[in-house]
Amino acid sequence: MHTATAQRTATPPSALRATLECRPEAASHARHLTGTFLESLDPAPDQGAAEAVVLVVSELVTNAVRHSGGRFCSLRLTAQPDTIAIAVGDASRVPPQRRTPDVRGEGGGFGWAMICDMATATAVSEEPGGKTVNAIVARRGRARGHAAAPTPG
């Protein structure tokens, strides 16, 4: 007697949600979570896209830690066939803004411009108790974005 067995295939997660404590090590933890998430995708994003996603996540979480004044921030990654959506929520209602970079390396100012350059789109939405910053990164190549910087309002 022969019994057939169906092959089981595990479907990798197409979304990741995490709550991070706003501490200096949060960006490192977020990069690790993001790398693990990206490695689980099939097909995997190409190397340039994966590097862009990790860098955008790192910058957004770093900004949440430095500027939000909250105890926690949230990270959400969602994989679509052609894109990876990144959302970082924090307790501040102040949207990111382009600043003149401090070339001495003391005051920052590079992050938001870099995020807008790597993402195909960015948006900031006000949420109860803060905001969520969203960025979309193409899974193939580092598309130069047509991202709109949020306007103060």
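**Fold and helix packing of the predicted model**

Along the sequence, the protein chain follows the pattern β-α-α-β-β-α-β-β, with three helices and five strands in total; helices (H or I, at least four residues) and strands (E, at least two) are DSSP runs, numbered from the N terminus. The model is predicted: local features require pLDDT of at least 70 and side-chain atom pairs count only at pLDDT 80 or more, whereas totals for chains, interfaces and linings use all residues. Residues are numbered from 1 along each chain as its sequence is written, and side-chain values use heavy atoms, with hydrogens and water left out.

Of the 153 residues of the protein chain, 38% count as buried (under 20% relative accessible area, 1.4 Å probe, protein chains only). Among contacts (heavy atoms within 4.5 Å) between residues at least 6 apart in sequence, 68% join residues at least 24 apart.

The five strands form an open sheet in the order β1-β2-β3-β5-β4, with antiparallel pairing; two strands pair if DSSP finds at least two bridges between them. β1 (15–21) and β4 (121–127) are the edge strands, each pairing on one side only. Neighbouring strands of this sheet are turned against each other by 15 degrees on average, direction ignored. Seven bridges join β1 to β2 (residues 72–79) in the antiparallel sense, and serine 74 in β2 is the bridge partner of threonine 19. Helix α1 packs on the sheet, where it touches β1, β2 and β3 (83–90), and its direction makes about 170 degrees with that of β1. Axes are lines fitted to C-alpha atoms, for helices over the stretch in contact, and angles run from 0 to 180 degrees between N-to-C directions.

Helices α1 (residues 26–40) and α2 (residues 47–67) pack at an angle of about 150 degrees, their axes being 9 Å apart. α1 and α2 are therefore roughly antiparallel to each other (angles over 145 degrees). The contact involves Ala26, Ala27, Ala30, Arg31, Thr34 and Leu38 in α1, which meet Ala50, Val53, Val54, Val57, Ser58, Val61, Thr62 and Val65 in α2. By class, the contact of α1 with α2 has ten nonpolar, three polar and one charged residues.

α2 also packs with helix α3 (residues 111–118), at an angle of about 150 degrees and with the axes 10 Å apart; α2 and α3 are therefore roughly antiparallel to each other. Ala52, Leu55, Val56, Glu59 and Leu60 of α2 make this contact with Gly111, Trp112, Met114, Ile115 and Met118 of α3. These residues divide into eight nonpolar, one polar and one charged. Ala, Val, Leu, Ile, Met, Phe, Trp, Tyr, Cys and Pro count as nonpolar, Asp, Glu, Lys and Arg as charged, and the others, Gly among them, as polar.

Notes. Angles under 35 degrees count as roughly parallel, over 145 as roughly antiparallel, 65 to 115 as roughly perpendicular and the rest as oblique. Buried means under 20% relative accessible area, exposed over 50%, partly exposed in between (1.4 Å probe, protein chains only).
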